[in-house]
Amino acid sequence: MSRADIVVVGSGIVGLGAAYAAARRGLSVIVVDRTERPVGATIRNFGHLCIGAQTGEARRYADVARELWRRLAQDAGFWLRESGTLVAARHDDELAVLARAAQDGGIRMLDAGELRRRAPLRRGDLVGGAHIESDLQANPREAADAIVRHLGELGVDFRFRTAVTTVETGRVHTTRGAIDAGQVVVAVNHDVDQLLPVVAEAAGIQRCALDMMRVAADLPAALTAPLLTGWSLVRYGRFAGLPETAALRERLHAERPDLAALDLNQMYTQLPDGSLLVGDSHVKDVQPGPFQPEAAFDAFLDEARALFAVDRFRVLERWQGVYASGPAEFLREEVDDGVLALAATTGIGMTCGLGLAETALSETLGWASSSALITAQEALA
């Protein structure tokens, strides 16, 4: 029978974060996943690490994650840029939200000219914008695989194509036999309702299905950072709860009920090959259907044409992402002695997942903080 100090169920970003936290502390780690590589929400997103748009618990995890992303990019050798995030404002109420949030620091207001120098946007009704300074961008299609390779080099044992049937104190039962564990971390995102249905039901967790696409376009200049819009401001924690945002939300929903019905987050990131990731819409249910209405993709392209200084986009790929969604932003629960369930239960897993895993395990097991550990390791290097 196999044994490890930490057994992680799930190889998404939270599971990888748990494995990374344990491996850096010299512990033996086994990661079990029913797929042959990370293929879930961790690779189906914008690669936008939106640290500065978070608040409260999410910001605490995001700040830790930022440090870990930078370290992992260096050690695992994947592309990461400290670009910040641009926000395009096309109405005065959007500027008002940005100006209010900027009072707390970390956000620099931009006039329309400066924004257009940093993003190839039409003049149109652009009135200005902002730069969220702390944000990062990765390529989600390469980052997860690179982290898996790096963790393997650190001694983490990955058991892919192996399903977990049950977990209990000190043991994980799989389709390839049992594994003894000092600590179990369940990090299976929306599939927590398959492995721990009582926990999922009590936390109100369901699935959120989203539509996204990758497009090619002959933009006149590069997009220098991820780009958010007014539809993003009504979603992210730092902006959504501001008094000024209520008027913005009311106007957007009144002017474009079709986009509101899609639960749109109109945003864009540019990959190193020049293609744009475009999206996204949101539908929540215990088990959303797999069918993707073409109206959502039509809306994505129409809105992109109205915003960017280019008329033609060529669709390269379309896909459906799925992530855990609940009334709280995170699931963090010790479901049994030595069994910890973790998930980002909103669409900020890439932003917060590494920090959630690091913080939860450190606080549960009494480890030193990640910053103290990294400082110590750098001193020994």
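**A look at the cavities**

Tutor: Happy to! In this predicted model, there are two cavities of 30 Å³ or more. To see what that is about, rolling a probe the size of a water molecule over the atoms shows where empty space is left.

Let's start with the largest cavity, which holds about 40 Å³ of space. Find Arg90 first, then the run of Arg122, Arg123, Gly124, Asp125 and Leu126, and finish with Ala306 and Leu307: these residues line the largest cavity. Sorted by class, this lining has four charged residues, three nonpolar ones and one polar one.

Now move to the second largest cavity, with a volume of about 30 Å³. Its lining is made up of Leu264, Gln266, Tyr268, Val278, Gly279, Ala299, Phe300 and Glu303. Here the classes come out as five nonpolar, two polar and one charged. Which elements do these residues come from? Strand E16 (276-279) and helix H12 (294-307) each give at least two residues to the lining of this second largest cavity. Helix H12 supplies the largest share, with three residues.

Ser83 sits in the loop between strand E4 (80-81) and strand E5 (85-89). Ser83 counts as buried because its relative accessibility is 9%, and the cut-off for buried is under 20%. Leaving aside residues up to four places away in sequence, Ser83 touches Arg118, His131, Asp135, Leu136, Gln137, Thr224, Ala225 and Pro226.

Conventions: Residues numbered from 1 in each chain as written. Predicted model: local features only at pLDDT ≥ 70, side-chain atom pairs only at ≥ 80, totals over all residues. Heavy atoms only, no water. 1 Å grid on protein atoms, 1.4 Å probe; cavity = no way out; pocket = protein on both sides within 12 Å on 5 of 7 lines; lining within 4 Å. Points joined across faces, edges and corners; volume = space filled by probe spheres on them. Nonpolar A, V, L, I, M, F, W, Y, C, P; charged D, E, K, R; others polar. Helix = DSSP H or I, 4+ residues; strand = E, 2+ residues; numbered from the N terminus. Buried < 20%, exposed > 50% of the residue type's maximum accessible area, 1.4 Å probe, protein only. Contact = heavy atoms within 4.5 Å.
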